[in-house]
Amino acid sequence: MDIEATVIGGGIVGCAVAAELAGQGLSTALLEMESGLAHGTTSRNSEVCHGGMYYPTGSLKARFCVEGRHLLKGFCESAGVGYRECGKLIVAVEEAEIPHLERLLALGQANGVEDLRLVDQAEVKKLEPQISAVGGLLSPRTGILDAEGAAKAYARLAASRGAQVMTGARVTELEKIKGGWQVTITPLGENRAEGWTHTSRVVVNAAGLWADGIAAMAGIDVEARQWKLHLTKGNYFAVADAHAGRVSRLIYPVPPASGTSLGVHVCLDLGGQMKLGPDLQKYDHDLREVATGAAGIALDYSVDPDRGDSFFADAKRFLPWLEREDLVPAMSGLRPKLSTTGLVDFVVQRETDSQLEGLVNLMGIESPGLTSGPALAREVGRLVAEMDS
Ligand SMILES: Cc1cc2nc3c(=O)[nH]c(=O)nc-3n(C[C@H](O)[C@H](O)[C@H](O)COP(=O)(O)OP(=O)(O)OC[C@H]3O[C@@H](n4cnc5c(N)ncnc54)[C@H](O)[C@@H]3O)c2cc1C
């Protein structure tokens with residue numbers, strides 16, 4: 001084999017996986033089709049390092065979120081990547097929502113989330129005087145970070161451990177060969193040489209929105225496995241600068257019963273900019289067409305300004321000072337969902353069938369995928385080490 005491990009996808013997960021595998025001493029290639037690393041979902045999200053209180057106890061989301069938060073915080077601090085443990089408050093705007101907070105507290109404690117506690121109306125006022133709520137659940141360990149910076153720092157770590165990090169390198173074919181895979185890579189952009197191939201003992205599919213397309217390329221029936229990804233857009237609206245500093249923590253509502261999102265919340269970035277989001281909007285385009293077409297990658301990240309009305313209605317419940325004209329369309333990201341209804345766990349699967357041996361698939365890595373990135377990488381490292389035993 002030319003190399004031992006090929007990692008497809010240079011988002012937070014692929015970058016952390018490449019660092020992990022290179023750290024195990026494997027000759028590793030990290031392949032990213034865009035012209036730069038972390039241009040996909042990794043740079044289009046709330047940049048929250050989540051506590052871990054939303055997910056069923058024992059699920060991969062719960063485990064990797066709690067473990068990943070510790071790893072990511074430690075990594076950011078040691079690598080000089082922006083990180084701030086600003087904390088988060090989930091607010092009940094009416095008494096009827098308090099039992100939801102109690103349930104989240106119990107779930108969080110069962111999941112091992114540290115320092116969670118319920119706060120009453122008086123304490124909410126003390127902590128966040130500009131918020132209107134009858135009570136809250138405080139998560140002091142929730143943080144915010146420079147997500148793109150973290151992914152790039154993992155890629156640098158991978159490179160320092162000997163990995164080849166390639167951008168503009170799109171995987172267009174995977175062929176099973178004895179003892180591994182033949183990987184065909186086609187460069188993006190004009191005036192570039194034709195594609196090339198290499199052979200690799202292990203292939204890790206960390207292709208985010210395109211992970212089902214990569215699995216299909218390897219010969220997996222994604223429909224049969226229920227791995228077809230359903231994309232949903234999450235839009236954000238910026239809050240006028242005049243309101244900067246009105247809140248000092250992330251402010252979330254009680255999550256909608258559907259389990260498909262956490263509800264429109266107040267995001268803060270490291271520069272103190274406040275935005276609201278993300279909502280949930282169906283995304284209709286077929287990505288596999290986009291990924292294999294000659295036109296290259298053109299995803300629709302536009303934000304419909306009219307959606308601001310529902311943002312305003314949602315947020316006005318706990319931000320009494322907010323006016324509709326304070327909201328300006330800001331950005332959007334796409335979630336790779338395994339189902340459009342309810343909460344579905346991450347898939348991290350090492351293939352053992354002889355037709356697929358050597359392949360590890362990561363599927364449905366939606367939120368809390370940023371937080372979980374380093375823990376997912378450890379898990380992949382463990383699965384790859386198992387291949388040798
Ligand atoms: C609106 C929104 C808000 C979110 N908020 C949070 C949050 O606050 N906290 C949190 O923990 N998580 C959050 N998430 C989830 C988090 O952003 C993702 O789980 C995480 O970024 C996924 O990283 P990834 O590396 O799996 O995917 P990506 O970042 O999408 O990376 C995959 C990469 O693979 C590349 N690729 C695809 N196909 C190929 C190919 N054929 N060849 C080569 N490269 C290829 C793509 O170009 C892409 O760069 C949010 C997500 C969304 C959409």
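## Cis peptides and a positive phi

Pro368 sits in the loop between strand E20 (359–363) and helix H9. Helices (H or I, at least four residues) and strands (E, at least two) are DSSP runs, numbered from the N terminus. The peptide bond joining Ser367 and Pro368 is cis, with omega about 5°.

This is a predicted model: local features need pLDDT of at least 70, side-chain atom pairs count only at pLDDT 80 or more, and totals for chains, interfaces and linings use all residues. Residues are numbered from 1 along each chain as its sequence is written, and side-chain values use heavy atoms, with hydrogens and water left out.

Another cis peptide bond joins Gly277 and Pro278. Here omega is about -20°. Pro278 belongs to the loop between strand E16 (274–277) and strand E17 (281–282). Ala38 has a positive phi, near 60°, and is not a glycine. Its place is the loop between strand E2 (28–32) and E3.

## Two domains

The chain splits into domain 1 (3–46 + 148–227 + 343–388) and domain 2 (85–142 + 231–286 + 294–337). The bounds come from an automatic or database domain assignment. Taken over C-alpha atoms, the domain centres are 30 Å apart. Domain 1 brings 14 residues to the contact and domain 2 brings 16 residues, where contact means heavy atoms within 4.5 Å.

## The domain interface

The size of an interface is often given as the accessible area lost when the parts come together. Between domain 1 and domain 2 the buried area is about 1,400 Å², and carbon and sulfur atoms give 59% of this. Buried area is the accessible area (1.4 Å probe) that two parts lose on being put together, summed over both. On the domain 1 side, Arg44, Ser46 and Leu209 lose the most area to domain 2. Together they account for 45% of what that side buries.

How many residue pairs are in polar contact across the interface of domain 1 and domain 2? There are 5, with both residues at pLDDT 80 or more. A polar contact is a pair of N or O atoms within 3.5 Å; within protein, one must be able to donate a hydrogen and the other to accept it, and residues adjacent in sequence count only if both atoms are side-chain atoms. The interface also has 1 salt bridge.

## Salt bridges

Side chains of opposite charge can pair when their charged atoms come close. The structure holds 21 salt bridges, each a side-chain nitrogen of Lys or Arg within 4 Å of a carboxyl oxygen of Asp or Glu. Glu366 pairs with Lys337, with the closest N and O atoms 2.6 Å apart.

Arg378 and Glu67 form another salt bridge, at 3.9 Å from N to O. This pair links distant parts of the chain, 311 residues apart. Arg378 lies in helix H9 (residues 369–388) and Glu67 in helix H2 (residues 60–79).

## A three-stranded sheet

An open sheet of 3 strands runs in the order E3-E8-E4, with antiparallel pairing. Two strands pair if DSSP finds at least two bridges between them. Strand E3 (48–49) and strand E4 (83–84) are the edges, each pairing on one side only. E4 and strand E8 (residues 143–145) are joined by 2 bridges. Tyr83 has Leu145 of E8 as its bridge partner.
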